[in-house]
Amino acid sequence: LTRLKILNLSDNEFGEDDLTLNLMDALLKVEALESLDLSSNTGIFFPECLESFNLILMFRRFTHLNLSSTSLREYHIECLATGLRHCTALTSFDLRDNQFGSAGAKSLTQVLSESCTDLRHLDLGHSLDCFSGIPHLLSSLPYLCHLDLSGAMMGPGEFAELARCTSLSTLILPGTTPPHPSYDAPGVGHVDVGCVLERNSRMVHLDLGHHRFGSRAARRIFRATTGSEKLEHLDLSGNNLGSSGFRSVTTWLKDCMSLRQVHLSNNRIGVEGATQLS
């Protein structure tokens, strides 16, 4: 076992007991371990286990960690920060579905921006309630190509900050329920959404579903991606495009030759808009 490099222990119902502590002791002996998946073990990180896991983080050269759906909260992140500072080789980190909020995000962004600057894949979907601290983190991750921020509340200003990360090829950012307060404000045009693409020519997969930003922002997205040679997947579901916004789609589909998947459900397109596809 000491020669293992990849270990998947997801969804094994580890709980607060001696067996879980024995597992941590065993992991400490796997000297070659580089990739560890502990996802979907909601009871694994009780206090004694956290201490042992920090030692594992400190003495193993991890490149991939999956801690999604492990019920991590703010205090867990603060405890794990000690070990994460030693994970300088980390390239993929999955923390989805943990809901550690803005306070936990502050601790996380600090340690990742200081110690884990080689990250390529970062999944924070449904673990953050706001975008606070993320711009500073993104500026410290020059190689980041995959980012999942599902559930983070985003307004036009946050999209502008996100556009600064020009290394992204995959951005997963479906809207929140309820949506950002500014979305329903009179006179607000969500044109800043398009700047994510205008500044980033590497985008392959973009999920901007359910932001309700309307046809104006969608048209800017279409302009930004016209002639794109890399964009393959675009999700604009639930964005109130309406029949007028959908008129832009047909022209755009002809010009975006790289596109393989487009999702436009729940946009009030109607018969008038649908006929534009014929």
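Modeller: Let's start with the labels: helices (H or I, at least four residues) and strands (E, at least two) are DSSP runs, numbered from the N terminus. Leu-206, for instance, belongs to strand S8, residues 205-207. Keep in mind that this is a predicted model, in which local features need pLDDT of at least 70 and side-chain atom pairs count only at pLDDT 80 or more, while totals for chains, interfaces and linings use all residues. Residues are numbered from 1 along each chain as its sequence is written, and side-chain values use heavy atoms, with hydrogens and water left out.

Colleague: Is Leu-206 buried or exposed?

Modeller: Buried means under 20% relative accessible area, exposed over 50%, and partly exposed in between (1.4 Å probe, protein chains only). Leu-206 counts as buried because its relative accessible area is 0%. Follow the chain elsewhere and you meet Thr-170, which is 36 residues from Leu-206 in sequence but 5.9 Å from it in space, C-alpha to C-alpha.

Colleague: Which residue can I compare with both Thr-109 and Glu-158 in this way?

Modeller: Thr-109 is 26 residues from Pro-135 in sequence, with 9.4 Å between their C-alpha atoms. For Glu-158 and Pro-135 the separation is 23 residues in sequence and 8.5 Å in space, again C-alpha to C-alpha. Thr-109 sits in helix H4 (101-115) and is buried, at 6% relative accessible area. Glu-158 belongs to helix H6 (156-162) and is partly exposed, at 24%.

Colleague: Where does Arg-260 lie?

Modeller: Look at the loop between helix H9 (242-255) and strand S10 (261-263). Arg-260 is exposed, since its relative accessible area is 62%.

Colleague: Now the charges. How many salt bridges does the structure hold?

Modeller: A salt bridge is a side-chain nitrogen of Lys or Arg within 4 Å of a carboxyl oxygen of Asp or Glu. This structure holds one. Arg-96 pairs with Asp-94, and their closest N and O atoms are 2.5 Å apart. The two partners fall into separate classes: Arg-96 is partly exposed at 32%, whereas Asp-94 is buried at 7%.

Colleague: Which residues form the negative surface patch?

Modeller: Patch residues have over 30% relative accessible area and no salt bridge, with like charges joined within 9 Å and nonpolar side chains (Val, Leu, Ile, Met, Phe, Trp, Tyr) within 5 Å. Areas are from the Shrake-Rupley method with a 1.4 Å probe, and for residues only the protein chains shown count as cover. Asp and Glu count as negative, Lys and Arg as positive, while His and the chain ends are not counted; each charge is placed at NZ of Lys, CZ of Arg, CG of Asp or CD of Glu. Here the patch consists of Glu-16, Asp-17, Asp-18, Glu-48 and Glu-51. Asp-18 is part of helix H1, residues 18-28, and is exposed at 58%.

Colleague: And the cysteines: how many disulfides does the structure hold?

Modeller: A disulfide is a pair of cysteine sulfur atoms within 2.5 Å, and the structure holds zero. Cys-165 is in no disulfide, and the nearest cysteine sulfur, that of Cys-145, is 9.5 Å away. Cys-165 is buried at 6% relative accessibility, while Cys-79 is partly exposed at 35%.
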